Amino acid sequence: MKSYNSSIVTKQGLKQLIENILAHKYRLLAPKKSGEQLSFETILRAEEVVLNQLLRTMTTLSPKEVFFPRTEPVLRYTGQEMHDVEPPTPETVLFGIRPCDARGLELLDKVFTWDYNDKFYLKRREATTIVTFACSDQASVDEHCFCLGVGGDPTASSGSDLLLSTNGDDAFLLEVITEKGERLLNSCKEGVELQASDKRAADQLEAIKDRFVRKQDLTEVRHKMPEYFDSDQLVQETYRCLGCGICAMSCPTCHCFDIVDEPKAGTLGEGARVKNWDACSFALFTKHAGGHNPRELQCQRCRQRYFHKLAYYPQKFSEESLCVGCGRCSRSCPVGLDIYQAVTHVLGKGRA
Amino acid sequence: MNSIHEVREEARKLLEEKRVGMVIGYGKGKGKKNYPIFITDPQKVEELHFESDCFYNLAVYLRKPEVCSHGKLAIVVKGCDARSVRGLFSENQLKSEEVVMLELKCDAKGIGRDKCTTCRVKNPLTPEEKNPIDGEIAKILAMPMEERFRFFAEEFKRCIRCYACRQICPHCFCKTCIVEKSEPQWISSTPSPLGNWSWNFTRAFHLIGRCVECGECARACPVGIRLDILNRYLAKSVEEKYQFIAGMDEKAAPPLTTYKQNDNQDFIR
Ligand code: SF4
Ligand code: SF4
Ligand code: SF4
Ligand code: SF4
């Protein structure tokens with residue numbers, strides 16, 4: 001009897017699987033090259049899936065956009081009448097996200113079902129099967145990654161329906177994690193040679209751990225953070241923040257949005273109410289109608305983001321922090337700010 | 001100044017003699033990259049560094065309220081950043097007696113996405129005629145209008161409205177940016193094709209003759225939008241039509257912010 005539901009699949013087999021997914025009319029989303037970067041886009045031909053590259057480079061923006069788009073209408077209006085909007089939810093396969101991203105979605109689930117069930121997010125979640133790539137390649141982990149420090153794991157399966165990992169040169173290990181994943185595999189496995197195996201991605205964890213530069217554990221910092229709310233050191237660490245929203249917008253778990261009405265050009269009284277990404281890094285985020293801004297300085301806005309991630313969310317929802325350690329915010333920050341460095345530094349545990 | 005040692009020495013004197021309240025410069029993380037630092041204690045001037053990855057244009061910090069609250073400021077500048085500071089003087093955003101420039105020679109070998117390879121002020125006061133981006137601009141100008149439209153539509157489609165381009169720009173100093181005005185709403189804040197088109201072009205237009213081509217916006221843009229092409233094209237037009245290069249003369253206001261009876265007008269139709 002095999003102990004795990006996993007099998008070995010060759011590179012060719014994986015390509016066949018992707019072709020079958022497309023042939024079965026799933027909408028396939030995977031990291032695609034856009035200039036020098038990778039971004040999640042609709043895949044029309046199997047060759048567009050850049051396997052080698054997606055193992056090595058993380059997408060600039062996270063896959064949250066698949067469920068929580070940068071903009072979407074939530075209702076439409078014509079004169080006095082309002083019309084409900086249903087989000088388009090084609091059956092989707094989201095391929096090639098990382099274990100931190102998959103975990104990020106589980107954290108977002110808690111937010112979008114907390115006081116209100118956000119149908120836009122939830123319906124998309126329901127219609128999507130997630131095929132994650134474990135960070136098992138030599139080059140998957142870079143100097144910004146710190147999932148291990150926030151309770152994550154580069155080989156973890158939580159949040160994924162199927163989990164892929166590398167297995168030698170030209171083969172992969174494919175693990176079935178959920179029933180949803182099993183359904184996808186069953187419907188798309190014709191012509192894909194699967195050789196049963198008793199290995200798991202997690203077997204490689206110890207070897208991968210060595211590749212992390214950022215090793216400090218941040219899972220307990222929520223207890224210490226409140227003491228540092230007014231610390232001068234935190235002000236100094238974040239003084240250079242410019243208040244752009246890159247960190248929040250590229251983060252897999254930042255989820256603030258703004259609601260605005262967008263009148264339709266050339267009409268009178270017709271339009272849509274849309275939900276757009278917003279960020280606590282923006283001065284406008286907390287600015288009151290009368291002009292007063294309770295977060296007057298940029299370092300206060302930066303602090304809010306760090307505290308929400310590492311103290312408020314864990315207090316409110318679970319013991320887990322809202323940061324999954326993907327490192328996107330520090331990779332893209334134009335002035336090299338970095339939540340891991342700032343927090344470890346301020347809490348006096350040294351610096352990576 | 002030729003070396004960081006001279007800069008440190010000058011910074012120490014300025015702080016000790018209380019001629020400035022803060023020095024803005026580059027510092028080093030442990031064995032890591034350089035980033036902006038802010039020094040108020042003369043004992044700490046040794047933290048100032050200068051290497052090839054000091055591509056940040058620190059002039060952006062000159063307008064931050066927490067920085068301004070320190071009174072007079074000293075700032076480490078390269079040729080490109082000095083243009084920004086002079087630009088701010090020329091637009092009355094700063095008084096020259098309030099800012100001390102600690103100018104450093106730069107070999108323009110930074111790694112900030114093209115910004116150094118296209119630098120024209122390696123020799124700070126005699127800008128080079130040509131800019132390598134000009135070739136790319138010529139290609140775009142040679143495109144039929146629809147194709148040109150598609151080129152920019154493809155670029156702007158990616159914009160997520162993080163406003164990093166604005167936040168990092170020393171010359172985007174408006175207290176309330178036009179995109180934040182809601183009565184009326186001049187520009188849609190939605191990252192839709194229309195909203196992005198209005199945002200990216202309006203920002204470029206507002207910087208005509210004021211942009212010093214420091215390249216920071218294009219470097220910061222997380223989705224790699226070619227803001228450098230837009231900015232360079234507009235700067236080049238101003239140079240041709242008004243013989244004006246932004247940030248060269250701290251007394252000369254940008255042509256589009258002033259009016260003279262004999263202004264060149266024959267291109268307005
Ligand atoms: S931390 Fe960096 S990315 Fe985030 S708002 Fe500040 S400058 Fe922008
Ligand atoms: S805060 Fe930064 S490291 Fe943490 S999940 Fe968000 S983008 Fe990733
Ligand atoms: S290149 Fe960009 S950041 Fe620099 S001055 Fe011009 S618009 Fe501003
Ligand atoms: S930095 Fe780039 S993505 Fe952000 S608002 Fe500017 S153009 Fe858009």
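1. In this predicted model, domain 1 of chain B and domain 2 of chain B bury about 2100 Å² between them, and 51% of that area falls on carbon and sulfur atoms. The size of an interface is often given as the accessible area lost when the parts come together.

2. The residues surrounding ligand 1 are Cys241(A), Leu242(A), Gly243(A), Cys244(A), Ile246(A), Cys247(A), Ser281(A), Cys333(A), Pro334(A), Val335(A) and Leu337(A). By class, this shell holds nine nonpolar and two polar residues, with no charged residue.

3. Ligand 2 is also surrounded by residues of chain A, namely Phe146(A), Cys251(A), Pro252(A), Arg305(A), Lys309(A), Cys323(A), Val324(A), Gly325(A), Cys326(A), Gly327(A), Arg328(A) and Cys329(A). Two elements of chain A, helix H10 (298-316) and helix H11 (328-332), each give two or more residues to this shell.

4. The shell around ligand 2 comprises seven nonpolar, two polar and three charged residues. Charged residues are therefore present around ligand 2, whereas the shell around ligand 1 has none. Arg305(A), Lys309(A) and Arg328(A) belong to the shell around ligand 2 and are of residue types that count as charged.

Conventions:
Residues numbered from 1 in each chain as written. Chains lettered and ligands numbered in written order. Predicted model: local features only at pLDDT ≥ 70, side-chain atom pairs only at ≥ 80, totals over all residues. Heavy atoms only, no water. Near = heavy atom within 4 Å. Helix = DSSP H or I, 4+ residues; strand = E, 2+ residues; numbered from the N terminus. Buried area = accessible area lost by both parts, 1.4 Å probe.
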